[in-house]
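Here are some friendly notes to read alongside the model. Please keep the sequence and the 3D view open as you go through the points.

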Amino acid sequence: MIEFTESDGIYAVLKNMAATGGEYAAALEKRAAHIYDAAQLARRELLETYGDAPVLELLFSNDDARAEIIASVPRTNKPEIAPSSDFIGGTVGRELDKFDMFCFCKALSAGERYTPGEMMAFLFELDGDAVGKNKKIAMLRNSSSSRAFELFAAHVRGVEATYGDNFKSVCDAVYLKDAGYAVLPLESSTDGRLDGLYMMIEKYDLAVLMSCMVLSGDGSATRFALVGRPQDVGDEVGRKKFEFKISLDEPSEISEISDAALFFGARFERVDTLPVSYGRDNAYGVIVDIDGADIAGFMTYMEMRFSQFVTVGIYSHITEE
């Protein structure tokens, strides 16, 4: 790193920038504190109207509460910077909007803690009677699927394999309740995201419940998923993932979701552009690593800002070690 002395012309500029940076940081801290105050006031009003129901429960299940929560987001005029108002109205204005929403969602959901399994209850209508009763796993008869089955079976006790002739028959077995789960490949190092199988999961109203990576003798790798009707398989090992698809008005909005993930302690792991066969332009498949993240805050943000997302699954990704 280059060091400058007071005799260098740039020294005064850098000193002034450092001072301005300190002022900017202090101003952001004050702004965040005001946003936190606004969130606490909004939370107090929710408690008076709806009792102590969790914010996420209200967002996902109560339209009136959802409208109140969204209306409570503080919307203030941006500071003006001469000579160009476009400076604030553009890049800095957008960044301040994001900052405000991130802080508000974090404060609004503060104290709420969920496991991935508990979060499934907000995202899917679970069929409690079906959970854990049918222990058959439908799959194709090949070495890669068999290895994936072994990895899943180590964490879903008491399962047994049943075989289908193709991926449709495997999914049919789950749909007809002849099996409780199915093993499907979702991604390979040679072909990338396997969109046809993702569409099949959606067609049969299934969800990804667990995933693993299987290596082949030729050095290629395939990510397999244990899929089934949405449920909590109760697994507590592996890194936790949140996978969803979303259609956006502008492709640039994907960066906002990525910034939000980082703010709440998560990170983007994979983003794929989806084919137009999904029905809309600017459609993406996203996998977010949420291990150790503020899941409540991030989900609050997603439901308030991008409620059009469709959950593929919240699950554990396990490895061969």
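1. A word on elements to begin: helices (H or I, at least four residues) and strands (E, at least two) are DSSP runs, numbered from the N terminus. Residues are numbered from 1 along each chain as its sequence is written. This is a predicted model, in which local features need pLDDT of at least 70, side-chain atom pairs count only at pLDDT 80 or more, and totals for chains, interfaces and linings use all residues, while side-chain values use heavy atoms, with hydrogens and water left out.

2. Let us start with Met17, which sits in helix α1. Met17 counts as exposed because its relative accessible area is 54% (buried is under 20%, exposed over 50%, partly exposed in between, with a 1.4 Å probe and protein chains only). Together with Ile10, Val13 and Leu14, Met17 makes a nonpolar surface patch of about 330 Å². Patches are made of residues with over 30% relative accessible area and no salt bridge; like charges are joined within 9 Å, and nonpolar side chains (Val, Leu, Ile, Met, Phe, Trp, Tyr) within 5 Å. Areas come from the Shrake-Rupley method with a 1.4 Å probe, and for residues only the protein chains shown count as cover. A salt bridge is a side-chain nitrogen of Lys or Arg within 4 Å of a carboxyl oxygen of Asp or Glu.

3. Which residues form the negative surface patch? They are Glu45, Glu48, Asp63, Asp64 and Glu68 (Asp and Glu count as negative, Lys and Arg as positive, and His and the chain ends are not counted; the charge is placed at CG of Asp, CD of Glu, NZ of Lys or CZ of Arg). Asp64 belongs to α3 and is exposed, because its relative accessibility is 57%.

4. Now to Ser145, in helix α6 (residues 143-153). Ser145 is buried because its relative accessible area is 3%. Leaving aside residues up to four places away in sequence, Ser145 touches Met139, Leu140, Val183 and Phe224 (contact means heavy atoms within 4.5 Å).

5. In helix α8 (residues 195-203), the buried residues include Leu197, Tyr198 and Ile201. Asp205 follows α8 and has a positive phi, near 55°.

6. Finally, look at Tyr315 in strand β10 (residues 310-318). Is Tyr315 buried or exposed? Tyr315 counts as buried because its relative accessibility is 2%. Its contacts beyond four places in sequence include Val208, Met210, Arg239 and Ile287. The C-alpha atoms of Tyr315 and Met120 are separated by 9.3 Å, although these residues are 195 residues apart along the chain.
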